[in-house]
Amino acid sequence: MSGLMDAGEASAGASAEAEMGLDFSRGGVVPSFEFAFNSANFSDRVLRIEIVARDEASGGSLADCVRHREEKGDNGQSIDSSSTDVGTPVLQVKTIYINTAILAARSPFFLKLFSNGMKESDQMHPTLKISDLEENALMELLSFMYSGKLTTTDPILLLDILMAADKFEVLSCMRHCSQLLTSLPMTTESALLYLEHPCSISVAAEVQALTDAAKEFLANKYKDLHEFEDEMMNLPLAGIEAIFASSDLQVESENSVFEFLLEWACARYPKLEDRHKILSSRLLPLVRFSHVSYRTLRDILTCSDNHVDHEQVAKCITEVLMYKAYPACQQGPLAADATTRWQFAERAYWVKPVKVVVFDRPRPQAIVYLDIKREECSGLSLSERIYSHSFYLAGHQLRLSAVCEMRKDSKYYSFSFYLFCDRKSSKLVTLDYEFAARIKPSQKFVSLCNYENTFKEGWGWGIEDLFQTPWSTFIADDNLFIDGVLHLRADVAVVRQPEIETS
């Protein structure tokens, strides 16, 4: 057989391709050598492909081979491209005509193979050893190196081709596979496949857009925890991480996040050691402890069960609470790192977190700050309310509530705001409360109403039209929604607490 170029010319061809930008994945006019694929007339060597079996215990997928190569520190120069153990029986030998110049121009792996002076460099029948699960991916890859095209849109095979392209250092094919996979319709199955498929360091950048798209798909599909709780219990770890890392997760409160992740971990990892490890390293960092209620934090810290590593949980909670308790340090040398700051991002809570300042003297008083996004207000209906986390004042459990409702004395809907007494108590309590909101242009809090009422368990008092404007006008008012957020404040003080008379 007579070759088109020798190995030296192959090196020059690789340099020429780089200079001319002949990269199949970049577009433009790219020469195709499809006519030369597996053709004796246009080839100078025969590539022997030894196909060996991989047992289930060792994995057998192309991805496992990539991972094994990383662990062994293989530099890719060995002609045995498989991680299969020496002595593994060969199931089949395939041969294919190759043009060393074309392969070397597309791949540093083959360039080294044909030009580095190793004994394989001048062999007319160089040999690659692969697992049986790699066969289809390798043949597609070799074809691509000639034509710049792939014959499949199957996401599983495309992933294997991507791994093969990484293994044999065909960057143009890596990019092409990533672009094809990104363009395919996303499903739960394909998204999980992309996230769970291991990637080597070199291929990670090429699949970043793909994994980002997979995470976004899962986070959007499963953003309502209440609706998909049962289905989510069956998702693997990669899916759980993608969903609970999202700030768009719709959930009653961060308490529910902690409870779900704990339940999921107990179901998936029955061994205590495994459960502690996965909770500590992968799941607890997903919980935004800055928005977990006082009562749940207390229960977590005092719980005696073995589901979590209490020392590790206490450390997480302490770091977040220290950061939350001393906000002035957020801009100074003690400012938290990016991971801790992320812990303060709010999700789409049904029960909204509040910031509370409590005074004991001269009378029990709480100043409560509640922020509501415009889209959260827009989603309100007559049957739904936005509730705040509970806060405590003089032994009473209170919370705020917002609702869209019709004024009793008119025919238009408006924004109503209430203060509720939640907790069962043997006492009535008379509260003085003022509601205020930040309003442009000053962006200062402006008092909107001030009342005094007597509360008991389950009772709520407030105002049915806080801003004295129809709902449509309120929701479009950028003087109220500053950067899309409505900032509310309730100043609540205890007036008196007479005992309930009993017969």
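A: Helix H11 (237–244) and helix H12 (residues 254–268) pack at an angle of about 175 degrees, and their axes lie 12 Å apart. Axes are lines fitted to C-alpha atoms, for helices over the stretch in contact, and angles run from 0 to 180 degrees between N-to-C directions. Helices (H or I, at least four residues) and strands (E, at least two) are DSSP runs, numbered from the N terminus. The model is predicted: local features need pLDDT of at least 70, side-chain atom pairs count only at pLDDT 80 or more, and totals for chains, interfaces and linings use all residues. Residues are numbered from 1 along each chain as its sequence is written, and side-chain values use heavy atoms, with hydrogens and water left out.

Q: Are H11 and H12 roughly parallel or roughly antiparallel to each other?
A: Angles under 35 degrees count as roughly parallel, over 145 as roughly antiparallel, 65 to 115 as roughly perpendicular and the rest as oblique. H11 and H12 are therefore roughly antiparallel.

Q: Which residues of H11 and H12 meet?
A: Contact means heavy atoms within 4.5 Å. From H11, Leu 237, Ile 240 and Phe 244 meet Val 257, Phe 260, Leu 261 and Trp 264 of H12. By class, this contact has seven nonpolar residues, no polar and no charged ones. Here Ala, Val, Leu, Ile, Met, Phe, Trp, Tyr, Cys and Pro count as nonpolar, Asp, Glu, Lys and Arg as charged, and the others, Gly among them, as polar.

Q: Where does Ala 245 lie, and how far in space is Ala 245 from Lys 215?
A: Ala 245 is in the loop between H11 and strand S4 (250–251). Ala 245 and Lys 215 are 30 residues apart in sequence and 9.1 Å apart in space, C-alpha to C-alpha. With a relative accessible area of 35%, Ala 245 is partly exposed; buried means under 20%, exposed over 50%, and partly exposed in between (1.4 Å probe, protein chains only).

Q: What is to be noted in the backbone?
A: Most residues other than glycine have a negative phi, and most peptide bonds are trans. Asn 38, not a glycine, has a positive phi of about 55 degrees; Asn 38 lies in the loop between helix H1 (7–20) and strand S1 (45–52). Gln 443 likewise has a positive phi, near 60 degrees.

Q: Which peptide bonds are cis?
A: A cis bond joins Arg 361 and Pro 362, with omega about 5 degrees. The bond from Lys 440 to Pro 441 is also cis, omega being near 5 degrees.
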